[in-house]
Amino acid sequence: MLSHLVVGAGLYFGDSIFYVITFLLLLWIVKVLAWKPVTKMMQDRADKISNDIDSAESSRNEAADLVQKRQTALANSRSEAQTIVNDAKTNGQQQREQIVTQAQTDAQTLKQNAQKDIEQERQDALVNARNDVADLSIEIASKIIQRELKADDQKALIDSYIEGLGKQHES
Amino acid sequence: MNDGPVSTFQFLGLTFSTANIASASIVFVLVVALVFFTSRHLAMKPTKGQNFLEWLIDFTNGILKGSIPTKEIGGFGLYGFTLFIFLFLSNELGLMFNIAMPNGATIVRSPTSDPITTLTFSLMTLMLAQFAGINKLGYKTHFENYLKPFKVWIVISIFEEFTNFLTLGLRIFGVIFSGEMLLGIIWKLAASHGIATMIVAVPLEMAWQGFSAFLGAIQAFVFVTLSSVYISQKLEVEE
């Protein structure tokens, strides 16, 4: 049964050499056919998975950043809106006050002008009236004088008249 | 199993066994066919064949990683992978086919049921271990490992190399050879007394075939595991 194991009875070293050559050839064929492409594919896959994990991580961070930015922007816009409303309110208030003040000032000015005008008119009227009275009195005086011109009477009359005018004017 | 006459032939002054050459050629073709048909249309998303092949590669790489540091595996991955499928198919071949020539000499059986095969692979592994050790550590460090922990240890170290060579080769040979031999004996029993023994022996034969298939896988696994252990021993400096 084990006769072939006895040295000299047929220990076939040729087989050994055949096996070594066959196996080396097999190694080469397996390497070219399967080992290289498959291990390369496995490596590629491992790389892809790790890349995917990395990119997922980065896009997650990006999304978180965007959310952060959006929230900041939202808060900013809220406060901005608040500011705008406040500004508008303040502006409106100021304008209102300005308009009212302007109106008051205008009214004041108008009133003063009117008073001035009235005063002016009154003065003018007074001056006119005085002139008229003087003219009238002169006319009256000349008419009276034409009738009976006596120097004494005349003098007394003019004095009293002038005195009367002064009193009238003072009052 | 080669109980009867052994068919041999001479070539270039060397003796060849027909059974070994024929069986090894069949296994060679089977291995090439296996890796060829499973490695077609490689894709990022693996399909059936590619899944199987990748699983096999992961499996043998896993065996190697058990003893060799991951960064030093390199080409040993290819060696372990090819060795594993070659030995596995060799172990299983004899369970399915045991073809004899008319004169009784077997020509197709497990190549691993012949010690010359297994010892060749054993020697190949140990040579590879030596080569890897010298390649990584240099001649001086590599051979100084034999003198550690003390100089007298060299006797044991060299003896250990020899026993490694024998045990690695003969373990797988013993299991596969005995498996095939028992299959033959059971078959003889089945054929001995007609239908009566056939009924008893056929289930026995089937059970033993199943067990042998299991043992064949285990032995291929053990061979690759021990190969990686022997290689890894040569890759490190002993304290």
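**View 1. A:Arg122 and A:Glu119 pair in a salt bridge.** The distance from N to O is 3.6 Å. A salt bridge here is a side-chain nitrogen of Lys or Arg within 4 Å of a carboxyl oxygen of Asp or Glu. Both residues lie in helix H1 of chain A, three residues apart, about one turn of the helix. Helices (H or I, at least four residues) and strands (E, at least two) are DSSP runs, numbered from the N terminus. A:Glu119 is partly exposed, at 36% relative accessibility. Buried means under 20% relative accessible area, exposed over 50%, and partly exposed in between (1.4 Å probe, protein chains only).

This is a predicted model: local features need pLDDT of at least 70, side-chain atom pairs count only at pLDDT 80 or more, and totals for chains, interfaces and linings use all residues. Residues are numbered from 1 along each chain as its sequence is written, chains are lettered from A and ligands numbered from 1 in the order in which they are written, and side-chain values use heavy atoms, with hydrogens and water left out.

**View 2. A:Asp44 forms a salt bridge with A:Lys40.** Their closest N and O atoms are 3.3 Å apart. Both sit in helix H1 (residues 13-147) of chain A, four residues apart. A:Asp44 is partly exposed at 27%. A:Lys40 is exposed at 52%.

**View 3. B:Glu161 forms a salt bridge with B:Lys234.** The closest N and O atoms are 2.5 Å apart. B:Glu161 lies in helix H5 of chain B and B:Lys234 in helix H6 of chain B, so the pair ties together parts 73 residues apart in sequence. B:Glu161 is buried at 17% relative accessibility. B:Lys234 is buried too, at 14%.

**View 4. B:Ser227 is buried in helix H6 (residues 195-235) of chain B.** Its relative accessibility is 2%. The side chain of B:Ser227 reaches the backbone oxygen of B:Phe223 at 2.8 Å. Beyond its neighbours within four places in sequence, B:Ser227 is in contact (heavy atoms within 4.5 Å) with B:Leu83, B:Thr125 and B:Leu168.

**View 5. A:Arg45 and B:Glu54 form a salt bridge.** Their closest N and O atoms are 2.7 Å apart. Across the interface of chain B and chain A, the rule finds one salt bridge. The contact takes 46 residues from chain B and 33 residues from chain A. The buried area is about 3600 Å², and carbon and sulfur atoms give 81% of it. Buried area is the accessible area (1.4 Å probe) that two parts lose on being put together, summed over both.

Key. A polar contact is a pair of N or O atoms within 3.5 Å; within protein, one must be able to donate a hydrogen and the other to accept it, and residues adjacent in sequence count only if both atoms are side-chain atoms.
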